Amino acid sequence: MSDPTFEFSRAITRRPAATIAGGLRAKDIGNPDFEGMMAAHKDYVAALKSTGAEVIELDPLDAFPDAQFVEDTALCLPQGAVLMRPGAPSRMGEVAEMAPNLRACYETVLEINGPGHIEGGDILVTGREILVGRSDRTDAEGVAELSKITSAWGHKLREVFTPEGVLHFKTDCSLMDAETILSTRRLDASGCFEGYRVLHVADGEEAAANAIRFNNLVLMAAGFSRTADMLDREGFEIVEIDNTDCAKLDGGMSCLSLRL
């Protein structure tokens, strides 16, 4: 692949568990519907496969209702994978469940040992650096430990800050190509994307900011027509996925896969 920031040969996903109603949420807006989440999961996997990528679909984990949000368990880079240390205690066991799958894909798999915490949803890899947002789930110690690992692999890591009240850094942004970022205005206003080409989601469509560029496609949540139209005008090929049920658990497009 010519650009590892958005061109991938594989993805890892996990099917939702029947226990999803027990998942974490910042605000209770109702329980997700299992059938609805399964239908959206199938559409998501189909979109990834349509690019020619291999999709590794893992079995659900009833003991971990949030386990379909696999992105938080690891950071995948060309040099290897780094197992995260989630800031939510109920999610710590998800990392051990993911580890053997990553070891089957990579020769090198390292891990965050703590005492700090860090989750993949706070990490955005661009063409020039790794941006890590401090949040309620990612602290300074976790960022510092990851920085030691990635610097040894030749990556520049820069710590930034997630807006107050926003779960993860990538809740408010996503990579469109190596130099283009889709962002909310509130996050871009912090100055963290200086030097990048920034596309703003439409006002009132902040939830559209969590998307993924996967090979030739941009997967985004359905229902945000102004942002979708803007991305279409910018030349991106859009696939809209129903995110109604994942959103009830603070989930979005990036949360649902590890991209290798």
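Buried here means under 20% relative accessible area, and with that cut-off the residues of helix α3 that count as buried are Gly 142, Val 143, Glu 145, Leu 146, Ile 149 and Thr 150. They cover an arc of only 165° around the axis, which puts them on the same side of α3. Please keep in mind that this is a predicted model. The points below go through the helices, then the strands, then some individual residues worth a look.

**Helix α3**

- Helix α3 runs over residues 140–152, and its 13 residues should span 18 Å at 1.5 Å a residue; the C-alpha atoms at its ends are 19 Å apart, which agrees.
- An α-helix has 3.6 residues a turn, so residues three or four places apart point the same way.
- Lys 148 and Ala 152 are exposed, and they sit on the face of α3 turned away from its buried side.
- The cover over the buried residues of α3 includes the strands β3 (74–77), β4 (80–83), β5 (109–111), β6 (123–125), β7 (130–134) and β8 (157–161).
- Gly 154 follows α3 and has a positive phi, near 90°.

**Helix α5**

- Four residues to look for in helix α5 (residues 225–233) are Thr 227, Ala 228, Met 230 and Leu 231, which are buried.
- They cover an arc of only 160° around the axis, which puts them on the same side of α5.
- Asp 232 and Arg 233 are exposed on the other side of α5.
- Among the elements that cover the buried residues of α5 are β9 (173–177), β10 (180–183), β11 (197–200), β13 (217–221) and β14 (237–241).

- In α2, the buried residues include Glu 94, Val 95, Met 98, Ala 99 and Leu 102.
- They cover an arc of only 150° around the axis, which puts them on the same side of α2.
- Strands β1, β2, β3, β4, β5 and β15 are included in what covers the buried residues of α2.
- Three of these strands form a sheet of their own: the order is β3-β4-β5, the sheet is open, and the pairing is mixed.
- β3 and β5 stand at the edges with a single partner strand each, so one side of each is left without a neighbour in the sheet.
- From one strand to the next, the twist averages 20°.
- The pairing of β3 with β4 is antiparallel and has 4 bridges; Cys 76 has Ala 81 in β4 as its bridge partner.
- Helix α2 (residues 92–103) packs on this sheet and touches β3, β4 and β5, with its direction at about 170° to that of β4.

**Strand β1 and its partners**

- Of the 5 residues in strand β1 (residues 10–14), 4 are buried, which leaves the strand mostly covered.
- Strand β2 (residues 54–58) pairs with β1 in the parallel sense over 5 bridges, and Arg 10 stands opposite Glu 54 in β2.
- Between β1 and β2 the chain passes through helix α1 (residues 34–49), and this β-α-β crossover is right-handed.
- Strand β15 (residues 258–259) runs antiparallel to β1, joined by 2 bridges, and here Ala 11 stands opposite Arg 259.

**A buried loop residue**

- Gln 68 belongs to the loop between β2 and β3.
- With a relative accessible area of 2%, Gln 68 is buried.
- Leaving aside neighbours within four places in sequence, the contacts of Gln 68 are Arg 14, Pro 16, Ile 20, Met 37, Leu 249, Cys 255 and Leu 256.

**Backbone points to check by eye**

- The peptide bond from Gly 114 to Pro 115 is cis, and its omega is near 20°; Pro 115 lies in the loop between β5 and β6.
- Asn 215 is not a glycine, yet its phi is positive, about 55°.
- Asn 215 is in the loop between β12 (212–214) and β13, and it is buried, with a relative accessible area of 10%.
- Asp 250 is also not a glycine and has a positive phi of about 65°.
- Asp 250 is in the loop between α6 (244–247) and β15, and it is partly exposed, with a relative accessible area of 27%.

Notes:
Residues are numbered from 1 along each chain as its sequence is written. This is a predicted model: local features need pLDDT of at least 70, side-chain atom pairs count only at pLDDT 80 or more; totals for chains, interfaces and linings use all residues. Side-chain values use heavy atoms; hydrogens and water are left out. The expected span of a helix is 1.5 Å times one less than its number of residues. Buried means under 20% relative accessible area, exposed over 50%, partly exposed in between (1.4 Å probe, protein chains only). The arc is that of the directions from the helix axis to the C-beta atoms. Contact means heavy atoms within 4.5 Å. Two strands pair if DSSP finds at least two bridges between them. A crossover is right-handed if, with the strands pointing away from the viewer, the path from the first strand over the helix to the second runs clockwise. Axes are lines fitted to C-alpha atoms, for helices over the stretch in contact, and angles run from 0 to 180 degrees between N-to-C directions.
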